[in-house]
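Me: I'd like to talk through this structure with you, a topic at a time. Could you keep the answers plain?

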Amino acid sequence: MSEQELQQLVESISLESFSRPFLHQAKINRRLKTTGGRYQLSDHHLEFNPLFLKEENLHYLPGIIKHELVHYHLHLAGLGYQHKDRDFKLLLQKVGGSRYAPRLEENKRSRWHYRCRRQCGQDYWRQRQVNVKKYFCGRCRGKLEKIAGPLAK
């Protein structure tokens with residue numbers, strides 16, 4: 001999806017769900033990794049995570065757009081636009097926007113899998129590599145072995 005198509009989609013959702021026009025820009029921000037979108041208070045434009053513009057994740061996009069448009073329209077109206085505000089929660093529920101961006105496989109951090117070599121077989125999952133010569137099982141004090149490297153990137 002290009003930025004022009006995204007702009008048209010945001011404008012049409014704004015008119016359908018809010019009965020108000022979207023008068024600013026919708027952009028793709030490749031630096032967004034853990035969030036679906038962002039509303040800029042300073043210049044009122046919306047930024048979206050390109051991972052949600054992929055074919056397999058497009059079904060999440062309308063909810064994310066509605067969420068950012070709730071911030072947009074409430075801020076311009078001078079009402080409570082933050083997540084904690086009652087106005088925000090009520091309008092988000094009314095238009096059917098998503099409260100949180102879903103966790104995608106691309107966002108998951110790499111994980112290392114270790115297991116105790118004694119009979120306890122305790123599993124350990126770590127985000128960083130562990131020196132198996134230095135560290136041991138916390139349950140039975142047995143030696144650890146590396147089962148797998150990074151599972152997901």
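**Salt bridges, helices and a pocket**

Reply: Let me begin with aspartate 123, which counts as partly exposed at 32% relative accessibility. Please keep in mind throughout that this is a predicted model.

Me: Fine. Which side chain does aspartate 123 meet in a salt bridge?

Reply: The partner is arginine 115, and the N to O distance in that salt bridge is 2.7 Å. Arginine 115 is itself partly exposed, with a relative accessible area of 30%.

Me: And how many salt bridges does the count come to?

Reply: The count comes to two.

Me: Is glutamate 47 buried or exposed?

Reply: Glutamate 47 is buried, because its relative accessible area of 10% falls under the 20% cut-off.

Me: Changing topic: how many residues does helix 2 have, and how far does it reach?

Reply: Helix 2 runs over residues 61–77, which makes 17 residues, and it reaches 24 Å from its first C-alpha to its last, close to the 24 Å expected at 1.5 Å a residue. Of those 17 residues, 13 are buried, so that the helix is mostly covered. Just after helix 2 comes glycine 78, whose phi is positive at about 80°.

Me: Which residues line the largest pocket?

Reply: The lining consists of Thr35, Gly36, Gly37, Ile64, His67, Glu68, His83, Ser98, Arg99, Tyr100 and Ala101. Helix 2 supplies the largest share of that lining, with three residues.

Me: What about the volume of the largest pocket, and how does its lining split by class?

Reply: About 160 Å³ of space lies in the largest pocket. By class, its lining has six polar, three nonpolar and two charged residues.

Me: On to helix 3, then. Which of its residues are buried?

Reply: In helix 3, which spans residues 86–95, the buried residues are Phe88, Leu91, Leu92 and Val95. Seen down the helix axis, these buried residues fall within an arc of 100°, so they line one face of helix 3.

Me: Which exposed residues are carried on the face turned away from that buried side?

Reply: That face of helix 3 carries Arg86, Gln93 and Lys94, which are exposed.

Me: Back to backbone angles. Where does serine 19 lie, and what is its phi?

Reply: Serine 19 lies in the loop between helix 1 (3–18) and strand 1 (26–28). Its phi is near 55°, which is a positive value in a residue other than glycine. Serine 19 is also exposed, because its relative accessible area of 61% is over the 50% cut-off.

Me: And histidine 44, buried or exposed?

Reply: Histidine 44 counts as buried, at 17% relative accessibility, and its place is in the loop between strand 2 (37–39) and strand 3 (46–48). Although histidine 44 is not a glycine, it has a positive phi of about 65°.

Me: One last item: how far apart are glutamate 5 and alanine 26, in sequence and in space?

Reply: Glutamate 5 and alanine 26 are 21 residues apart in sequence, and their C-alpha atoms are 9.6 Å apart in space. Glutamate 5 lies in helix 1 and is partly exposed, with a relative accessible area of 43%.

Technical notes. Residues numbered from 1 in each chain as written. Predicted model: local features only at pLDDT ≥ 70, side-chain atom pairs only at ≥ 80, totals over all residues. Heavy atoms only, no water. Helix = DSSP H or I, 4+ residues; strand = E, 2+ residues; numbered from the N terminus. Expected span 1.5 Å × (residues − 1). Buried < 20%, exposed > 50% of the residue type's maximum accessible area, 1.4 Å probe, protein only. Salt bridge = Lys/Arg side-chain N within 4 Å of Asp/Glu carboxyl O. 1 Å grid on protein atoms, 1.4 Å probe; cavity = no way out; pocket = protein on both sides within 12 Å on 5 of 7 lines; lining within 4 Å. Points joined across faces, edges and corners; volume = space filled by probe spheres on them. Nonpolar A, V, L, I, M, F, W, Y, C, P; charged D, E, K, R; others polar. Arc of directions from axis to C-beta.
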